[in-house]
Amino acid sequence: MDFTLKIWRQENSTAKGRFETYKVAEISPDCSFLEMLDILNQDLINKIEKPVCFDHDCREGICGACGLYINGRPHGPDSAVTTCQLHMRKFKDKDTIVIEPWRAKPFPIIKDLIVDRSALDKIIQAGGYISVNTGGVPDANTIPVPRQNYETAMDAASCIACGACVAACKNASAMLFVAAKVSQFAVLPQGQVEAKERAIRMVAKMDELGFGNCTNTGSCEAECPKSISLSHIARLNREYLHAKLT
Amino acid sequence: MTKLNPRIPEGPLAEKWTNYKATQKLVNPANKRKLDIIVVGTGLAGASAAASLGELGFNVKAFCYQDSPRRAHSIAAQGGINAAKNYPNDGDSVYRLYYDTIKGGDYRAREANVYRLAEVSGNIIDQCVAQGVPFAREYGGLLENRSFGGAQVSRTFYARGQTGQQLLLGAYSALMRQVDAGTVKLFPRNEMLDVVLIDGKARGIITRNLVNGKIERHFGHAVVIATGGYGRAFFLSTNAMGSNGSAVWQVYKKGAYFANPAFVQIHPTCIPVHGSYQSKLTLMSESLRNDGRIWVPKKKEDAEALRAGTKKPKDIAEDDRDYYLERRYPAFGNLVPRDVASRAAKERCDAGFGVGSGLAVYLDFNESIKRLGKHVIEERYGNLFQMYEKIVDDNPYETPMMIYPAIHYCMGGIWVDYELMTSIPGLFSIGECNFSDHGANRLGASALMQGLADGYFILPYTIQNYLAAEILTPRMPVTNPAFEEAEYNIQERLNKLMQIKGTQSVDHIHRKFGLRLWDLVGMSRTKEGLTEAVKEFALLRQEFWNDARITGDQNELNQELEKASRVADFIEIGELMARDALQREESCGGHFREEYQTPEGEASRNDENFMFVGAWEYKGTGNEPVLHKEPLVYENIKVQTRNYKI
Ligand SMILES: Cc1cc2nc3c(=O)[nH]c(=O)nc-3n(C[C@H](O)[C@H](O)[C@H](O)COP(=O)(O)OP(=O)(O)OC[C@H]3O[C@@H](n4cnc5c(N)ncnc54)[C@H](O)[C@@H]3O)c2cc1C
Ligand code: SF4
Ligand code: FES
């Protein structure tokens, strides 16, 4: 397959960015999107040009490092996958593909397609944990968890912090990400003690870092590679209200 | 030879760790604040160690090359983590876990370390559950277990197919809590390029800030290396793209011994290679072998028809299928250890019975779907099936998966003693990058266990035994000549890389080298091949330094430069792997020398001459390194031939 690529190039955080057009040819439909970019980069290196920088590591859809805005959608046209798990068979031969970095104020561009998502770590630092020190904890089976709660916690815990929800949201809200973490702990007995403080601190941190408000548009859920459900946002809202009122 | 003292505590095996803890030196709380500890790597091992050390009150600096600790390669582990809890009441115990691990590693691991690992395994599960890690649950709300390759009991805890992710997120959140508390300072997007020694002790590191290319110096009273495995040397592997052997290699060059480099693990259930553009291999969790049956056709003409696409797997009658693992190893069947399963697959494919491209076998769920219902299989492995379908574009509920072995894990690594200290005082190594607990073969679900055991429960104690003597050592300024010199050398190395301006891309050289490494030092090895490899890799090293092409600039985010530095190290590691494999004239675990096999094609060990850890000492690039041997003594176990048939 042959493609025309329009890729956002930007030297560094302060430089002005621009779109560049590249061609790639004879791409196998079984190629992943990132492997297609590898091929482009090899061409660029052969021409002694700078390859396109993008974040990636596991290439298995689990580390959350890769994230590209492809033809106007985070992680591209396929549903419930990350960019590294997107395959070229999802495109048509001779397509033009537009590739941009995540665009959101709290995610400043570092270079080309790489953005700084450390804001997500800062939100976790503001209470996205259960406060236990190493050692001195009870035997694991003394904390039974109803199967249903385990399932819900696990669904929420699958979030990979890719940031697609933020990129997809017209308000650049990190609500789905925050909700996933709050929700995971809200349904587990271990998370109860700090529940109120957690919800309040994490939401406050999100606001402080410049993420927008949630207006229930739902594009986050639609673009989330791990199909994190909006119902977690509803739970976060309940937790937050409860925390504020009591 | 004194440097190779494993410092195993006296006393009976089952009491060593308890006794050690009761008598080791501690650092009092007021003094902990005065001590800086550098932790390089924030995977399971590094994150759990950094968090635990921070909780204790030490000043911790934690480094990783990703943008966040949560993205470390540990995140990708799927199947599960072992612990001797005996919750399923099937007869498990600390002794049995220790026994299985030693036997699984083909009696090439240090007994005292492995026993301790089994001993603390239960605490890991308690710790993770307390952190909110969502392990699978029974309907009664208690924890659920499954079995894993190489074990006859169900001792594996799991979180869907995302165990590594959930465990790492647990350790990561503990780490984030310490960052918030100010005990840990985090340095993401920073790569360690060298360790700094002052008066023979590890006192800091040199890093490159990957965003702006700045070289920085960091002091620590002790340095902990937790940088994972070097399996990506092979180019195609199941490891993350940035996984590297560089930190390990730099400390080796500074005098730490490198143990058993030839012991790498091949994982039997990966998605086979399908194109020359491919950048990595995807693993399918080994837990699939619990319910999937592995087969190839009995008749060559069927195999040919399957390869040509004129027949489909369902066209092969039951009687014409060769469930070769069940046939050869009736006691363990599809659950034999990884090295055995991998070699058996290679054997069938080499004999002409492979399917797909010829380098693949079937993993078939048809029977278990019939027996248990599709929903049960979906519940157990749904995300793996989905992942397979996305990659291969084929529905594994209907046609069997195709799998083939791939490089997966490094049992070899930095040599450490019982305290997890390397042969350089003050330099520690934990997790996959040390050599300690898996012998010649790693059983499933044991790496996660080791990483967390080291990080949560072992290092935080043992490092204090060293640091207790350091409380009077003031923080040293990084203007110390040792720092200056190390930084100078790093600058020189980077300049040299940028100035090669050759014709071949780094990936191109890496791919070429990786293929040769796989051919000569991969699933099976011979004396000729290994001798050839040692020579060839030395030439490749020169080719790299003469002809690599690195575009861009040194003082900016430059992924080609990052790769180049890693590949330069991989080539040298490959050479050492070949030397080590050549020296070890026996077959054991993941190390298979064709000259040493039984008439049935099983690995044939030579306990009389090779029951030792081979630890290499660096003597300069291009010079022959020196091999030191740490004899392995098994006081509590009868050394047997591994046998998975009965
Ligand atoms: C696909 C897959 C599935 C697996 N499944 C299982 C399983 O089911 N059960 C099991 O027990 N094991 C499994 N394993 C093995 C297990 O995941 C790893 O052995 C383990 O996670 C390694 O942990 P670690 O902390 O030692 O290293 P890693 O998680 O690899 O972490 C390395 C860290 O070091 C950092 N780093 C590396 N080099 C540098 C440098 N030079 N400077 C700064 N930082 C650096 C990285 O940024 C990272 O933070 C699996 C492995 C793979 C690949
Ligand atoms: S909620 Fe979904 S889209 Fe948002 S960070 Fe998590 S995985 Fe990514
Ligand atoms: S590279 Fe890890 S999720 Fe895509």
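Predicted model: local features only at pLDDT ≥ 70, side-chain atom pairs only at ≥ 80, totals over all residues.
The size of an interface is often expressed as the accessible area that is lost when the parts come together. Here chain A and chain B bury about 6500 Å² between them, and carbon and sulfur atoms account for 49% of that area. Within chain A, the residues that lose the most area to chain B are A:D57, A:E60 and A:R147, which together make up 12% of what that side buries.

Charged side chains also meet across this contact. Between chain A and chain B, 13 salt bridges are counted. One of them joins the side chains of A:D78 and B:K390, with 3.3 Å from N to O.

Attention may now turn to ligand 2. The residues surrounding ligand 2 belong to chain A and include A:C159, A:C162, A:C165 and A:C224, together with A:P225 and A:I228. Sorted by class, this shell comprises ten nonpolar residues, one polar residue and no charged residues.

In chain B, an open sheet is formed by three strands in the order β6-β7-β8, with antiparallel pairing. Strands β6 (190-198) and β8 (215-219) of chain B each have a single partner strand and stand at the edges, so one side of each is left without a neighbour in the sheet. From one strand to the next, the twist averages 25°. Strand β7 of chain B, residues 201-209, pairs with β8(B) in the antiparallel sense over five bridges. In β8(B), B:F219 is the residue that stands opposite B:G204.

Definitions and conventions
Residues numbered from 1 in each chain as written. Chains lettered and ligands numbered in written order. Heavy atoms only, no water. Pairing = 2+ DSSP bridges. Helix = DSSP H or I, 4+ residues; strand = E, 2+ residues; numbered from the N terminus. Axes fitted to C-alpha atoms, helices over the stretch in contact; angles between N-to-C directions. Near = heavy atom within 4 Å. Nonpolar A, V, L, I, M, F, W, Y, C, P; charged D, E, K, R; others polar. Buried area = accessible area lost by both parts, 1.4 Å probe. Salt bridge = Lys/Arg side-chain N within 4 Å of Asp/Glu carboxyl O.
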